[in-house]
Amino acid sequence: MRKTMILLLFSFLLAACSDSPVCYYLDATGGDDNNSGLTPDEAWKSLEKLRGVKLLPGNKVLLKRGEVFNGELEITGHGIPEDRIYIDAYGDGERKPCIVGYDTSLYAARICNSDYITMQNLEIVNTGRQPLPYRSGLKIECMDYGVSQNIVVNNVTVRDVNGSLVKEKGGGCGIYIVNGGEKKISTFNRLTIENCHILRCTRNAMIWAAYSDRQNWHPSKHTVIRGNLIEEVPGDGIVPIGCDSTLIEYNVMRDCPDMLPDTEAAAGIWPWSCDNTLVQFNEVSGHKAPWDAQGFDSDWNCRGTVIQYNYSHDNYGGLVLVCNDGTADASFNVGNLGTIVRYNVSIGDGVRPEPTRAGMFSPAVHLAGPVKDSRITRNIIHVNRKPAADIDRTMITLDSWGGYPDSTFISGNIFYAPESSRFQLTESTHNVFEGNYYLGRFEKLPEDGKACQSAEIYQQEVLAKDENGYQGLALLMDTVEVTGVKGVFVNKEAIENFFSRLEK
């Protein structure tokens with residue numbers, strides 16, 4: 001024992017005095033916790049050895065490929081811009097090192113109160129015998145710390161997290177981003193999550209918990225969520241909360257199982273209590289939540305959301321929801337102001353087969369509550385024939401949630417419906433419809449002085465190829481690989497050119 005202690009002390013002193021970065025190696029099969037941990041031959045065995053290790057600029061934590069590590073990976077480190085800290089894989093083979101949480105773990109891996117850390121090339125699993133509220137796979141946390149700078153999560157698989165299916169009971173998610181604190185305001189700056197695969201996680205894929213009250217609103221800034229694949233997640237996909245200037249692009253959410261209780265609402269990608277969120281070039285399909293289930297949403301307490309160049313298809317809900325709870329305390333909630341929805345493509349959405357709390361309800365565009373100054377422009381909404389007779393076929397619903405939408409500008413959109421569709425404006429105010437294309441059948445058109453009820457280009461290039469729209473509108477899309485699968489994204493130049501030709 002004395003010899004082992006001397007060896008460990010010598011190894012740590014050697015590492016501290018060396019100019020080269022320190023690497024900590026872990027090997028669940030061939031490692032030994034009595035080793036130094038500083039070379040592959042002297043690897044540690046368990047994740048417990050990392051508890052209390054203070055990671056410094058240039059340090060690396062390397063887990064052996066193909067190995068399974070049971071427990072919780074706890075990471076705290078303080079890199080610098082020119083000398084990041086890496087949590088990564090080493091060794092041969094394609095299998096990522098896999099971290100499997102304990103039966104009662106609320107997370108299997110956590111990055112806490114850190115700066116300039118990159119976590120990449122890992123697999124994270126957190127499946128207990130029973131579902132557990134607030135359970136996540138990876139937790140990224142900043143509490144009573146200040147500003148956590150430039151955390152990067154890249155090429156990480158998070159799968160089989162069984163949290164609660166009920167949002168009010170805590171839910172659960174693949175990646176959980178948490179910031180707060182009363183002693184010291186704590187936020188993230190330039191957090192990036194990219195090229196990750198979130199699979200079979202309940203309830204949600206990626207969600208935040210942060211300062212959301214506008215009386216105490218301290219946003220995380222310049223977050224980037226890019227190139228992630230979300231599969232078999234029944235609830236919300238990507239939901240930033242308490243953020244400013246977030247970029248969400250080239251993500252795919254698909255194949256959502258129909259397993260949420262009837263009380264639950266969820267949607268694909270949407271900000272809550274955020275400013276200046278940009279959601280672009282994403283694909284959401286197959287969402288089956290009992291309520292909402294739109295591809296995209298600009299939710300309450302949000303200002304300046306832009307949803308553009310996205311592809312939504314085959315969802316129970318429609319393309320987009322814009323909403324605000326008018327009953328919420330005005331000091332907490334600034335409302336929903338200035339949402340822009342443009343150049344998106346929706347095909348075959350609105351196919352919810354069962355009644356919601358409002359009966360059969362799945363409008364292509366839904367504005368709810370006192371949202372103001374929303375602009376819905378140059379979108380293609382291609383509604384297909386109903387799979388069943390009682391499915392809702394409404395293009396736009398503007399209805400109440402403690403008040404009604406005001407000053408909504410709807411222009412230059414293509415609305416296509418082969419069966420009778422309608423526009424429900426209820427008691428909304430100051431609506432402007434201008435220059436929209438109403439193709440197909442409608443019960444009653446809104447007042448639109450520049451309305452068009454035919455479009456030769458759309459007939460020839462879309463409907464003549466396929467009444468359902470998938471083949472013709474594919475010309476406006478790009479196919480891009482996202483974590484090993486093909487995602488379909490709107491091509492900016494193609495859709496803008498299409499509308500330019502249409503409007504000549």
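Visitor: Why does Ser-298 count as buried?

Guide: In this predicted model, Ser-298 has 0% relative accessibility. Buried means under 20% relative accessible area, so Ser-298 counts as buried.

Visitor: What makes residues count as contacts of Ser-298, and which are they, leaving aside neighbours within four places in sequence?

Guide: Contact means heavy atoms within 4.5 Å. By that criterion, Ser-298 is in contact with Pro-271, Thr-305, Ile-307, Leu-321, Val-322, Cys-323, Asn-336 and Thr-339. Ser-298 itself lies in strand S30, residues 296-298.

Visitor: Which residues are closest to the centre of the largest pocket, and how many line it?

Guide: The largest pocket holds about 990 Å³ of space. Its lining has 39 residues, and Lys-167, Arg-203, Asp-236, Ala-265 and Trp-270 are the closest to its centre. Among the elements that give two or more residues to this lining are strand S14 (172-180), strand S26 (265-266) and strand S34 (320-323). The largest share, four residues, comes from S18.

Visitor: How is the lining of the largest pocket divided by class?

Guide: The division is 19 nonpolar, eight polar and 12 charged residues. Asp, Glu, Lys and Arg count as charged; therefore Lys-167, Arg-203 and Asp-236, which are among the lining residues, belong to the charged class.

Visitor: What makes up the lining of the second largest pocket?

Guide: This pocket, with about 170 Å³ of space, is lined by 13 residues. They divide into six nonpolar, one polar and six charged. Nearest its centre lie Asp-262, Pro-290, Trp-291, Glu-354 and Pro-355.

Technical notes. Residues are numbered from 1 along each chain as its sequence is written. This is a predicted model: local features need pLDDT of at least 70, side-chain atom pairs count only at pLDDT 80 or more; totals for chains, interfaces and linings use all residues. Side-chain values use heavy atoms; hydrogens and water are left out. Buried means under 20% relative accessible area, exposed over 50%, partly exposed in between (1.4 Å probe, protein chains only). On a 1 Å grid over the protein atoms alone, a cavity is a set of points where a 1.4 Å probe fits but cannot get out, and a pocket is an open set with protein on both sides within 12 Å along at least five of seven lines; lining residues have an atom within 4 Å of a point. Grid points are joined across faces, edges and corners, and a volume is the space filled by probe spheres set on the points.
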